Amino acid sequence: MVLEILDSKFEDNTHMQYLSRQHIIPEIVHSTSGKVVMRHIKGRRLCKILSDKKTDETVLKKIFSELGTMVAEVDKCHMRHGDLHTGNVIVEHSTNKPYIIDWEFATYSEFSQVDAMDLLSNAEYDLNSCARQELYKELETIYKKSYMDSIRAGASEEVLKLREIAGKKF
Ligand SMILES: Nc1ncnc2c1ncn2[C@@H]1O[C@H](COP(=O)(O)OP(=O)(O)O)[C@@H](O)[C@H]1O
Ligand SMILES: [Mg+2]
């Protein structure tokens, strides 16, 4: 179990509970005002996976496709992670499923794409450091496509309610 302390604006935890149900963050097992306890994921940080040349390209493509959708979901809820780099993504060993962790700098924010670009520039740095620029280009295309597909698909009723909550707290 891992304790995550949130910004004081997140005292009701409604957004975090939604992200947990969507499997964007590790499952929340306990929560109190401004604090959540999440499942400990057995896996590795994305930065390590990217700099390990043994990681299968198909696995990386699946991870980046999923991440594009996940980051779009966060944006659509009018949230900003605020520190979205490849060290704050844990990929589960048994499933290759990515989870976004470390929400201490998260804020409510209107649709911004800032998180989306932060994660991408970090991944580019990791892959350039081990001479995998060509692979980066492919992953960028996959990630941007799934991000834009999710944005274009629009927001559910539940997400619209989260935006209302966020709007009151800007
Ligand atoms: N839910 C989790 N499952 C597995 N490991 C985690 C989890 N949360 C944090 N960690 C591990 O702890 C490290 C530090 O946690 P993090 O929330 O990123 O704090 P910070 O970067 O502020 O020190 C992470 O890089 C990761 O290795
Ligand atoms: Mg961190």
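Reader: What is the strand order in the open sheet of 3 strands, and is the pairing parallel or antiparallel?
Author: This is a predicted model. In it, the open sheet runs in the order 1-3-2, and its strands pair antiparallel.

Reader: Which strands stand at the edges?
Author: Strand 1 (2–5) and strand 2 (28–32) do. Each has a single partner strand, so one side of each lacks a neighbour in the sheet.

Reader: And the twist, how many degrees from one strand to the next?
Author: The average is 20 degrees.

Reader: How many bridges between strand 2 and strand 3?
Author: Strand 2 and strand 3 (residues 35–38) are joined by 4 bridges, in the antiparallel sense. Within that pairing, Ser-31 sits opposite Val-36 of strand 3.

Reader: Changing topic. Which residues are around ligand 1?
Author: Val-2, Pro-26, Met-38, His-40, Ile-41, Arg-45, Gly-87, Asn-88, Ile-90, Ile-101 and Asp-102.

Reader: How does that shell divide into nonpolar, polar and charged?
Author: There are 6 nonpolar residues, 3 polar and 2 charged.

Reader: Now the whole protein. How many helices and strands?
Author: It has 6 helices and 8 strands. Along the sequence they follow β-α-β-β-β-α-α-β-β-β-β-α-α-α.

Reader: What does the radius of gyration say?
Author: The value is 16 Å, close to the 15 Å given by the globule rule for 170 residues, so the protein is as compact as a globular protein of that length. The C-alpha trace spans about 45 × 35 × 25 Å along its principal axes.

Reader: What share of residues counts as buried?
Author: 33% of the 170 residues.

Reader: And the contacts, what percentage join residues at least 24 apart?
Author: 75%, among contacts between residues at least 6 apart in sequence.

How values were computed:
Residues are numbered from 1 along each chain as its sequence is written. Chains are lettered from A and ligands numbered from 1 in the order in which they are written. This is a predicted model: local features need pLDDT of at least 70, side-chain atom pairs count only at pLDDT 80 or more; totals for chains, interfaces and linings use all residues. Helices (H or I, at least four residues) and strands (E, at least two) are DSSP runs, numbered from the N terminus. The radius of gyration is taken over C-alpha atoms; the globule rule is 2.2 Å times the number of residues to the power 0.38. A residue is buried if 20 or more other C-beta atoms lie within 10 Å of its own, exposed if 12 or fewer, and partly exposed in between; C-beta atoms are placed from the backbone. Two residues are in contact if their C-beta atoms, placed from the backbone, lie within 7 Å. A residue is near a molecule or strand if its C-beta atom, placed from the backbone, lies within 6 Å of it. Ala, Val, Leu, Ile, Met, Phe, Trp, Tyr, Cys and Pro count as nonpolar, Asp, Glu, Lys and Arg as charged, and the others, Gly among them, as polar. Two strands pair if DSSP finds at least two bridges between them. Axes are lines fitted to C-alpha atoms, for helices over the stretch in contact, and angles run from 0 to 180 degrees between N-to-C directions.
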